[in-house]
Amino acid sequence: MTPRDDVCVVIPVFNEASVIADVVRTVRKRYPLVVCVDDGSSDDSAAAIAAAGAVLVRHPINLGQGAALRTGMDYALSLEQARYLVTFDADGQHDVEDVPQMLELLDSGEAQIVFGSRFLDRRTRVGGAKRIVLAAAIRYSRASTGLSLTDTHNGLRAFTREVAGALDLQINGMAHASELLSLVARHRFRYAEVPVHIRYTEYSRSKGQPLMNGVNIIFDLLFR
Amino acid sequence: MLIKILLIMCTLGLLVVLLQKRAAARTRAWKRLILVALVGVAIVSVLNPELTTEVANLVGVGRGADLLLYVLTAVFLYVVVGFYLKFRDVERQVTVLARRLALDEARLRQQGTEIDPQVDPAP
């Protein structure tokens, strides 16, 4: 498989110095163009990103993942070669091998945005409380956007330039995932979902959102 | 009475702090007038508490102190909401600013113009 340079992978990074270099290197084998948005990390993430050969865009202060994604997309849009954008998590929970099948759907024009879902097959094991919170988030997102998706809070997505231009995220915090869906619904983009594998490691679990954050997300959405 | 002296001093102190020449913007003129009027009313009602009770009776409230509490509550809520909206605006502005800065810096870095020596390890 030859590397594709018409794909720009956007990775929001916040204090991931210990893993980000490996993640960037793995992704770059397939997709050399990687943009990491360091969201005001206090560790050595920035140096690790630069050393791994990704484009480094650095927020001077911590703004939140939504803002980091928006910044990364803006940078990607400034690159003419980037036909497609892929959003990818920095903690190594996504598998770059899941991306080609997402791009296929974009290539064929079947979809303008493709979401990764951990619930379409049985590769990903999701534990008790997390499953309940995610199920609630999914129900909420389905009801509020009308999109029929099985996993609404998955950081792995692939979409076209056109979609990226329309995803003008205003919510800085974690509620951007729901905001993104409502923008997709409003613009009536063709969307699809493919099964992806999430590796829950000790590391990603420790970095993952505490469940109470779900409450914060709900408030962000209600009082934006 | 000691309390009257303390309250009046507080009010006058507020007036002094707020009327100090910072931004001599004309737009603030009406705000300053309102402030002076407010301090005037405050001093009068401290000196003559029966006055607030009379006003309270006019609007159907028993005691002046109760009326004060109601007005204070309403004003407080407005102030909180006002600060919240202002804060949200400022947050948005900071976001726009920080993102702009990040993108410009990244483009400069891509062009080989290193402007932040912290990022790359020293040679």
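The contact between the two chains takes 17 residues from chain A and 13 residues from chain B, two residues being in contact if their C-beta atoms, placed from the backbone, lie within 7 Å. On the chain B side, the residues that touch chain A are seven nonpolar, two polar and four charged (nonpolar: Ala, Val, Leu, Ile, Met, Phe, Trp, Tyr, Cys and Pro; charged: Asp, Glu, Lys and Arg; polar: the others, Gly among them). This is a predicted model, in which local features need pLDDT of at least 70 and side-chain atom pairs pLDDT 80 or more, while totals for chains, interfaces and linings use all residues. Residues are numbered from 1 along each chain as its sequence is written, with chains lettered from A in the order in which they are written.

**Helix pair in chain B**

- The axes of α1(B) (residues 2-19) and α2(B) (residues 29-47) come within 9 Å and cross at roughly 175 degrees; axes are lines fitted to C-alpha atoms over the stretch in contact, with angles from 0 to 180 degrees between N-to-C directions.
- The two helices α1(B) and α2(B) are therefore roughly antiparallel (angles over 145 degrees).
- Residues making this contact include L7(B), I8(B) and L14(B) of α1(B) and L35(B), V39(B) and I43(B) of α2(B).
- The contact of α1(B) with α2(B) has 12 nonpolar, one polar and two charged residues.

**Fold of chain A**

- Chain A has nine helices and seven strands, taken as DSSP runs (H or I, at least four residues; E, at least two).
- The C-alpha trace of chain A spans about 40 × 40 × 35 Å along its principal axes.
- Of the 224 residues of chain A, 46% count as buried (20 or more other C-beta atoms within 10 Å of the residue's own, C-beta atoms being placed from the backbone).
- Among contacts in chain A with a separation of 6 or more, 76% are between residues 24 or more positions apart.

Notes. Angles under 35 degrees count as roughly parallel, over 145 as roughly antiparallel, 65 to 115 as roughly perpendicular and the rest as oblique. A residue is buried if 20 or more other C-beta atoms lie within 10 Å of its own, exposed if 12 or fewer, and partly exposed in between; C-beta atoms are placed from the backbone.
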